[in-house]
Amino acid sequence: MLRFGLFGTGHWAAETHAAALDAHPKATLTGVWGRNPGNAAALGSRFGVPTFDDVDALIDACDAIAVALPPDVQADIAARAARAGRHLLLDKPLALTLADADRVVEAAQQSGVASVVFFTQRYHPNVTAFLAATAAAGGWQHARATMFASIYQPGSPYGESLWRREHGALWDIGPHALSILLPVLGRVDRVAAADGPSGIVHLLLTHAGGATSTVSLTLEAPAEAMTREFVFYGENGIETLPPGQGSAVEAYGVAIDQLLEEIEAGTRDHRCDVRFGRDTVAVLTAAETSRRNSCTITVPA
C-alpha cells in the first residue's frame, strides 16, 4: 500500500485527488497539508486522516506526494519531496517558470523517484488509444486545437482561483492542449502567440518534424461558445480526438496505477513524467514571451 500525502485543499484536491486516493485499492491517504488550516482540517476530517501544519512533516510521513496547488507552490514542494526520496504525482502545469520546472526535474532525476503529471485527458483509455494510433499512422502536417472554457460561469469552483485569474488560459488549459498535440506531432521548436478578445490567446506552433499546429484558448468564453476540439490533418486524411470517456476521478485512478507501475518496475520513462511536464512549461514560457514582444520565439531544449 503506497502512502500518499495530499498537498492542497481546494475543489480539485477534494473532489478528484482525495476522492481517487481514498477509493484506490493500492493507495492510502496519509494526511493533508494546505495553506488554509481551516480548509485542511475540514478535508482531513472528511476523509478521516490527520492534518499537517508543516510541509516537511507530511513529506516524512508518506511514500509519495499528490499535489493540487498553484504551480509555483507545487514546484517548491515537489522539489523538496523528490530530494527526500518521495515519488511524485503532480498537477499541470508543473511550474510557472522554466527554472522552477528544471529544478523539479533535476531533483527527481538525482533521487531516482518515479513521477507522473496529471494531464487529465491522457489518462482516459480511449484518448490514449486514439493518440497511439494517430501517432503510429504518421504523415500529419497540421493540427488545430480549440479550447473555449469559462471559469466565470455561475457555480464554477474555479472562479476565485487567483493563479488562474492572473495567468489565464495559456497556463491553465494550455498544458492540456500541448499534452494532446505533442505525442502526435512531436516537440515544439518555435512558437508565436497573440492575444484576442475575452481572454483569448492564439498560438502558432512549429514542431520538430516540420508539422505545424494552431491553438486557441480562453477561460472567459460565453456559455454558448464553450467548446473543445482537436483535429489532425495529414496524408491519411482528417482525424478528430474523441471526448474522454470516464470521470476525472477515474482518470486520476489510472494515474495512480501508472505511478505504482513505474515504482514496482523500477522504470523512469513515463510518457507524462516531470520531463514531459517541463517540456510543456518551456513552450508556455516561450509563448508568454512571444505574446509580450510580438515575435516568434525558439523554445529552449
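These are my notebook entries on a few places I looked up in this structure, which is a predicted model.

**Entry 1: helix 4 and helix 5**

I began with a pair of helices. Two packed helices are described by the angle between their axes and the distance between the axes. Helix 4 covers residues 71–83 and helix 5 covers residues 98–111. I found that their axes come within 8 Å and cross at roughly 15°. That angle makes helix 4 roughly parallel to helix 5, since angles under 35 degrees count that way. I also noted the hand of this crossing of helix 4 and helix 5, which is left-handed.

Next I listed who touches whom. Helix 4 brings Ala75, Asp76, Ala78, Ala79, Ala82 and Arg83 to the contact. From helix 5 come Asp100, Arg103, Val104, Ala107, Ala108 and Ser111. I sorted the residues of this contact of helix 4 with helix 5 by class and got seven nonpolar, one polar and four charged.

I then looked at Ala84, which sits in the loop between helix 4 and strand 5 (87–91). Is Ala84 buried, exposed or partly exposed? Its relative accessibility is 35%, so Ala84 counts as partly exposed. I also checked Ala84 against Trp163, which is 79 residues apart from it along the chain. The C-alpha atoms of Ala84 and Trp163 are separated by 27 Å.

Further along I came to a cis peptide bond, which joins Lys92 and Pro93 with omega at about -15°. Pro93 belongs to the loop between strand 5 and helix 5.

**Entry 2: helix 8 and helix 10**

The crossing of helix 8 and helix 10 is right-handed.

Which residues make this contact? On the helix 8 side I wrote down Gly174, Pro175, Leu178, Ser179 and Leu182. On the helix 10 side I wrote down Phe276, Thr280, Val283 and Leu284. The classes in the contact of helix 8 with helix 10 are six nonpolar, three polar and no charged residues.

I stayed with Leu178 for a moment, as it is part of helix 8. With a relative accessibility of 2%, Leu178 counts as buried. Leaving out residues up to four places away in sequence, Leu178 touches Pro183, Leu205, Phe276, Thr280, Val283 and Leu284. I also looked up Leu178 with Gly277: they are 99 residues apart along the chain, and their C-alpha atoms are separated by 9.9 Å.

**Entry 3: aromatic rings**

How many aromatic pairs does the structure hold? I found seven aromatic pairs. A pair of aromatic rings is described by the distance of the centres and the angle of the planes.

I took Phe130 and Phe232 to start with: this pair is tilted, at 6.2 Å centre to centre and 45° between the planes. Phe130 lies in helix 6 (residues 125–137) and Phe232 in strand 11 (residues 227–234). The pair links distant parts of the chain, as its two residues are 102 residues apart. Both Phe130 and Phe232 are buried.

Phe232 came up again with Trp140. Their ring centres are 6.2 Å apart and their planes stand at 65°, so I logged the pair as edge-to-face. Trp140 belongs to strand 7 (residues 140–148) and Phe232 to strand 11, so the pair ties together parts that are 92 residues apart in sequence. Trp140, like Phe232, is buried.

I also noted a cluster elsewhere in my list: ring pairs link Trp12, Phe118, Tyr123 and Tyr252.

**Entry 4: two serines with positive phi**

Ser198 has a positive phi, near 55°, and is a residue other than glycine. I located Ser198 in the loop between strand 8 (188–195) and strand 9 (201–207). Its relative accessible area is 46%, so Ser198 is partly exposed.

Ser294 has a positive phi of about 55°, and Ser294 is not a glycine either. Where does Ser294 lie? I found Ser294 in the loop between helix 10 and strand 13 (297–298). Ser294 is exposed, as its relative accessible area is 67%.

Definitions and conventions:
Residues are numbered from 1 along each chain as its sequence is written. This is a predicted model: local features need pLDDT of at least 70, side-chain atom pairs count only at pLDDT 80 or more; totals for chains, interfaces and linings use all residues. Side-chain values use heavy atoms; hydrogens and water are left out. Axes are lines fitted to C-alpha atoms, for helices over the stretch in contact, and angles run from 0 to 180 degrees between N-to-C directions. Helices (H or I, at least four residues) and strands (E, at least two) are DSSP runs, numbered from the N terminus. Angles under 35 degrees count as roughly parallel, over 145 as roughly antiparallel, 65 to 115 as roughly perpendicular and the rest as oblique. A crossing is left-handed if the near helix is turned anticlockwise from the far one by less than a right angle, and right-handed if clockwise. Contact means heavy atoms within 4.5 Å. Ala, Val, Leu, Ile, Met, Phe, Trp, Tyr, Cys and Pro count as nonpolar, Asp, Glu, Lys and Arg as charged, and the others, Gly among them, as polar. Rings of Phe, Tyr and Trp (its six-membered ring) pair if their centres lie within 6.5 Å; planes under 30 degrees apart count as stacked, over 60 as edge-to-face and the rest as tilted. Buried means under 20% relative accessible area, exposed over 50%, partly exposed in between (1.4 Å probe, protein chains only).
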